[in-house]
Amino acid sequence: MKPIRSNELNYLDQLIVDKFRDRRQDMESNIEADTQKQTDKNYKGFVVKLGIKAEMKAFKEAEDKLRKFIKNKESYEFTLSQAKLRAAEKLNEKLNSWSSVRSWKSEYDKVKKFEIKEHDDVEHALKKVCKQETRRYVQKLPKYKVKQDLELLEEQAKNVLYSGRDIKEVWKHLGMTFKASGVPVAAPKDFLQLESK
């Protein structure tokens, strides 16, 4: 009797494993193919046996309605979205026209440009320009007329101050300028009195 050598033993061991694995895979493939064929044949009868045909139909109808609703909803949503964009464009166009006519200004002292996208922003934007117009009106009221003259009065005060005149004359003129501009000042009274002639 001749014993099996180790390399022959290893070869035969691997051969057995490979051949049986191949055969099992072939059998599994055939079983899967036959199972699929038989499942296709048995399916209708299987559903009838379970008694769920009506439930399946109801489920399909509900799903179809939902899909149709979602499609219609998206279409309707798109239509409304486009209408909103057109309305916003029309509003912005009109406001921008008014902005140039009424000289509304942005924060950077440029012509105010409206780019309103949400209705919630309309009131805020309109309040800003309304405030601008109201401020222009209020500034023109007689009690605020002096504000327009402040720069001129300040310039006059500085000119008198640096004119080289006598201190009494400077204080007298500054007193009149401060009084005219409404600027309170604690000046010495004897400097502010007029000299009698």
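These legends accompany several close-up views of the structure above.

The model is predicted, so local features need pLDDT of at least 70 and side-chain atom pairs count only at pLDDT 80 or more, while totals for chains, interfaces and linings use all residues. Residues are numbered from 1 along each chain as its sequence is written, and side-chain values use heavy atoms, with hydrogens and water left out.

**View 1. The largest nonpolar core has seven residues.** Here you can find Leu95, Trp104, Phe114, Ile116, Val122, Ala125 and Val129. A nonpolar core is a set of buried Ala, Val, Leu, Ile, Met, Phe, Trp, Tyr and Cys residues joined through side-chain atoms within 4.5 Å. Buried means under 20% relative accessible area, exposed over 50% and partly exposed in between, with a 1.4 Å probe and protein chains only. With three residues, helix 3 (residues 120-139) gives the most to this core. Helices are DSSP runs of H or I with at least four residues, numbered from the N terminus. Isoleucine 116, one of the core residues, touches Ala88, Asn92, Leu95, Asp121, Val122 and Ala125, not counting residues up to four places away in sequence. Contact means heavy atoms within 4.5 Å.

**View 2. Tryptophan 104 and phenylalanine 114 form an aromatic pair.** A search of the whole structure finds one such pair. The arrangement is edge-to-face, with 5.9 Å centre to centre and 75° between the planes. Rings of Phe, Tyr and Trp (its six-membered ring) pair if their centres lie within 6.5 Å; planes under 30 degrees apart count as stacked, over 60 as edge-to-face and the rest as tilted. Both tryptophan 104 and phenylalanine 114 lie in the loop between helix 2 (53-102) and helix 3, so the pair ties together parts that are 10 residues apart in sequence. Both residues are buried. Look also for lysine 112, whose charged end sits over the ring of phenylalanine 114, 5.3 Å from its centre. A charge sits over a ring if NZ of Lys or CZ of Arg is within 6 Å of the ring centre and within 35 degrees of the ring normal.

**View 3. Helix 2 has the buried residues Ala88, Asn92, Leu95 and Ser99.** Helix 3 is included in what covers them. Serine 99 counts as buried at 0% relative accessibility. Leaving out residues up to four places away in sequence, serine 99 touches Trp104, Val111, Lys112 and Phe114. The 50 residues of helix 2 should span 74 Å at 1.5 Å a residue, and the end C-alpha atoms are 72 Å apart, which agrees. The expected span of a helix is 1.5 Å times one less than its number of residues. Serine 103 follows helix 2 and has a positive phi, near 60°.

**View 4. Helix 5 (residues 167-181) has end C-alpha atoms 21 Å apart.** This agrees with the 21 Å that its 15 residues should span at 1.5 Å a residue. At the start of helix 5, a side-chain oxygen of aspartate 166 reaches to within 3.2 Å of the backbone nitrogen of lysine 168. Val170, Leu174, Gly175, Thr177 and Ser181 are buried in this helix. Serine 181 has a relative accessible area of 12%; leaving aside neighbours within four places in sequence, serine 181 is in contact with Val146, Leu150 and Leu153. Glycine 182 follows helix 5, with a positive phi near 75°.

Technical notes. Helices (H or I, at least four residues) and strands (E, at least two) are DSSP runs, numbered from the N terminus. A polar contact is a pair of N or O atoms within 3.5 Å; within protein, one must be able to donate a hydrogen and the other to accept it, and residues adjacent in sequence count only if both atoms are side-chain atoms.
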